[in-house]
Amino acid sequence: MSAPNEETLERMENLLKVAGDFTRLKILYAIKDGERSVGEIQEEAGVSQSLASHQIRVLNDAGLLSSRKMGTKVFYLLADDHIRSLLEVVHEHVTEKQDA
């Protein structure tokens, strides 16, 4: 398999940078199995509402999240199964290295 072109590599780098933040990983895991409101994400991730909102915006801007509005509430979910797969592959890789 040959290396992707420069533009694709830059997009990959950005995705990994965004997803690689500790708080953002907690948020991604909070919604891994279904949509959540900001308050639910905040509680599950154990962060303040302002931090959750800021990091959700970063994840959303990077295309890692989708959202659905119901009345005044916004619910967030992973953008697609690729994000879920990325979390699973990275988790498997790091836990495999721990167990060895």
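## The sheet

Two strands count as paired if DSSP finds at least two bridges between them. In this predicted model, three strands form an open sheet in the order E1-E3-E2, with antiparallel pairing. Strand E1 (36-37) and strand E2 (65-70) are at the edges and have a single partner strand each, so one side of each is left without a neighbour in the sheet. Strands of a sheet pair through backbone hydrogen bonds, and the pairing is either parallel or antiparallel.

E2 and strand E3 (residues 73-78) run antiparallel and are joined by six bridges. Ser-67 has Tyr-76 in E3 as its bridge partner, and Met-70 stands opposite Lys-73 in E3. The two strands E2 and E3 make a hairpin with two residues between them. Gly-71, in the turn, has a positive phi of about 65 degrees.

## The chain as a whole

The secondary structure consists of five helices and three strands. Along the sequence these follow the pattern α-α-β-α-α-β-β-α. The C-alpha trace spans about 45 × 35 × 20 Å along its principal axes.

The chain has 100 residues, of which 25% count as buried. Contacts can also be sorted by how far apart the residues are in sequence. Among contacts between residues at least 6 apart, 51% join residues at least 24 apart.

## The nonpolar core

In soluble globular proteins, nonpolar side chains tend to be buried together. Here the largest nonpolar core has 18 residues. Leu-28, Ile-56, Leu-59 and Leu-65 have the most contacts inside this core. Two or more residues come from each of these elements: H1, H2, helix H3 (38-45), helix H4 (49-61), E3 and H5.

Ile-56 shows which parts of the chain meet. With neighbours within four places in sequence left aside, Ile-56 is in contact with Ile-27, Val-38, Ile-41, Leu-65 and Tyr-76. Tyr-76 is also the bridge partner of Ser-67 in the sheet.

Is Gln-55 buried or exposed? Gln-55 lies in helix H4 and has a relative accessibility of 7%, which is under the 20% cut-off, so Gln-55 counts as buried. Apart from neighbours within four places in sequence, Gln-55 is in contact with Asp-21, Thr-23, Arg-24 and Ile-27.

Lys-32 lies in the loop between H2 and E1. The relative accessible area of Lys-32 is 14%, also under 20%, and Lys-32 is therefore buried. Beyond its neighbours within four places in sequence, Lys-32 is in contact with Leu-78, Arg-84, Leu-87 and Glu-88.

## The largest pocket

Rolling a probe the size of a water molecule over the atoms shows where empty space is left. The largest pocket has a volume of about 180 Å³. Its lining is made up of Leu-16, Ala-19, Gly-20, Leu-25, Tyr-29, Leu-86, Leu-87, Val-90, His-91 and Val-94. One of these residues, Leu-87, is also in contact with Lys-32.

Which helix gives the most to the lining of the largest pocket? H5 does, with five residues. Helix H1 (6-19), helix H2 (22-30) and helix H5 (81-99) each supply at least two residues of the lining. By class, the lining has eight nonpolar and two polar residues, and no charged ones.

Technical notes:
Residues numbered from 1 in each chain as written. Predicted model: local features only at pLDDT ≥ 70, side-chain atom pairs only at ≥ 80, totals over all residues. Heavy atoms only, no water. 1 Å grid on protein atoms, 1.4 Å probe; cavity = no way out; pocket = protein on both sides within 12 Å on 5 of 7 lines; lining within 4 Å. Points joined across faces, edges and corners; volume = space filled by probe spheres on them. Helix = DSSP H or I, 4+ residues; strand = E, 2+ residues; numbered from the N terminus. Nonpolar A, V, L, I, M, F, W, Y, C, P; charged D, E, K, R; others polar. Buried < 20%, exposed > 50% of the residue type's maximum accessible area, 1.4 Å probe, protein only. Contact = heavy atoms within 4.5 Å. Core = buried A, V, L, I, M, F, W, Y, C linked by side-chain atoms within 4.5 Å.
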